[in-house]
Amino acid sequence: MKSIKTISSVLGAALLASCISSCDKLDYPDRFRQSEGVPVVYSVSYSATGVYIEQAFMEEIVCILGENLRSVHNVWFNDQEAVLNTSYMTDNTLLVQIPKTMPVVETDKIYLITAALDTVSYDFRVLPPAPRVSYMDFEYAEPGTVTTIRGNFFYEKEGGVPLTIEFPNATVTDIKEIALDHVTFTVPTGALPGKVKVTTASGTSASDFMYKDNRGMLIDFDNGLYSINKGWKPKELSTVGGFSGNYVILGDGSETLDADGSDWKESFQWQYWAGNWADPEPFEGIDGRRLLDIVDFSDYSSMVLKFEVNISSETPWTGTPMQIIFSSTAEVSNGATGAKDIYGNTLAGCNNQYFHDDGDFAGLSLPRYLWEPWKTSGSYDTNGEWRTITCPISEFTKYWDGSNASGKLTPESFSNLEIFISGGSSSCGTAGSSPIIKMDNFRAVPVR
């Protein structure tokens, strides 16, 4: 019996192997089998066109042509490994997507490595995509001053195409620093308002933002739109250290933020409420108009609110969000409660109840933007320099305590604007800061 079992086992194993071999031949005729030996590379081409190339952009798909390419186990472009798909490998062709990560060390070579760790190199240059120009540290930087543009894929190679920056009517001649995610330079003499273009060996890209953008200006504190008494508490204006005349200041050094969700410190607020105490209210006069009469907010979800801010490193901001709120005149207005406007609407008048579900506005949950720049490192300041801040209106979705607001913006919501460092959750940064925040040039502009 023992010998019969042994013979049966051997026969069974042989039969199984035969079946596997048969299935392999009949059911999987194209099954990938890695070969041995060393690959040979003849050329590289675009996968779609077959045009031979010596360089390509990151994330492009290329075809390596040669011999014995099924012996390849790994492919590297510079020091970044590509993902191999054996479905796209034959003895003579290998389709592969160039990695999207910038190399740490550029060797301008492709490396093909076998399972036996034999390595074949081939000269090939990987180019980053065209530069991405995301934002400018200070959009109102004057010619002759140094500022920084930020984004991605800023580069130049020695002996190659130089990086250039163009403003309308002027080209940058003094570049201080080039890094992958930023370029620091001197704004050229003669630069005019408009989009900024950056060119590298990979191409030219224009910024979404506009240098010295004068579109959609709501309040610049110089054109008469804002007087010192257009809200709950009058706010004095200053010109000391400003960049374009008057600006407003939040915080006066006398109050400290508790950062526990209960903050309501009067020195940290500023409002613009439309109206001039008329009944009926026509919203006339340069400092009485609704903001929606100044800027078209019909496509508000594709707009951003921008402003400039300046915070000294001596008075950093460490906690409590800045609540930025647009509102309609049915929620607050500069006038008497119950007055009518010339359109027949009843005005809410001056109040602070609309801000967070109090009194007559219980359940309103007005949406807003919570700006909390101190979250990144625990403290925020601009080192006493002016910086441009961008708040997408599509992100005006939060409530007083950081939860999602139940209320929604509508085109009628853009009559008033309030800025107030207050409230938040029970854990919103570090208590004890007394920031002094200078703000200017509130404007609403298209995202692009």
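Lysine 195 has methionine 210 as its bridge partner in strand 17. Strands here are DSSP runs of type E with at least two residues, numbered from the N terminus. Strand 16 (residues 194–200) and strand 17 pair antiparallel over 6 bridges; two strands pair if DSSP finds at least two bridges between them. Both belong to an open sheet of 4 strands, ordered 13-12-16-17 with antiparallel pairing. Strand 13 (170–171) and strand 17 (203–211) are the edges, each with a single partner strand, so one side of each has no neighbour in the sheet.

This is a predicted model: local features need pLDDT of at least 70 and side-chain atom pairs pLDDT 80 or more, while totals for chains, interfaces and linings use all residues. Residues are numbered from 1 along each chain as its sequence is written, and side-chain values use heavy atoms, with hydrogens and water left out. The pLDDT is the predictor's confidence in each residue, from 0 to 100. Its mean over the chain is 89, and 92% of residues reach 70 or more. Over residues 1–29 the pLDDT is below 50. Where pLDDT is low, the predicted coordinates should not be read in detail.

Now turn to strand 11. Strand 10 (residues 132–136) runs antiparallel to strand 11, joined by 4 bridges. Strand 15 (residues 182–186) also pairs with strand 11 in the antiparallel sense, over 5 bridges. Arginine 150 is the bridge partner of tyrosine 135, and arginine 150 also stands opposite histidine 182 in strand 15. Threonine 148 is in strand 11 (residues 146–152) too. Threonine 148 has a relative accessible area of 7%, so it is buried (under 20%; exposed is over 50%, partly exposed in between; 1.4 Å probe, protein chains only).

Aromatic pairs come next. Rings of Phe, Tyr and Trp (its six-membered ring) pair if their centres lie within 6.5 Å; planes under 30 degrees apart are stacked, over 60 edge-to-face, the rest tilted. The whole structure holds 28 such pairs. Tyrosine 140 and phenylalanine 243 form a tilted one, 5.6 Å centre to centre with 45° between the planes. Tyrosine 140 lies in the loop between strand 10 and strand 11, and phenylalanine 243 in the loop between strand 19 (237–238) and strand 20 (247–250), so the pair ties together parts 103 residues apart in sequence. Both tyrosine 140 and phenylalanine 243 are buried. The rings of tyrosine 247 and tryptophan 386 are edge-to-face because their planes are at 70°, with centres 5.5 Å apart.

Technical notes:
Contact = heavy atoms within 4.5 Å.
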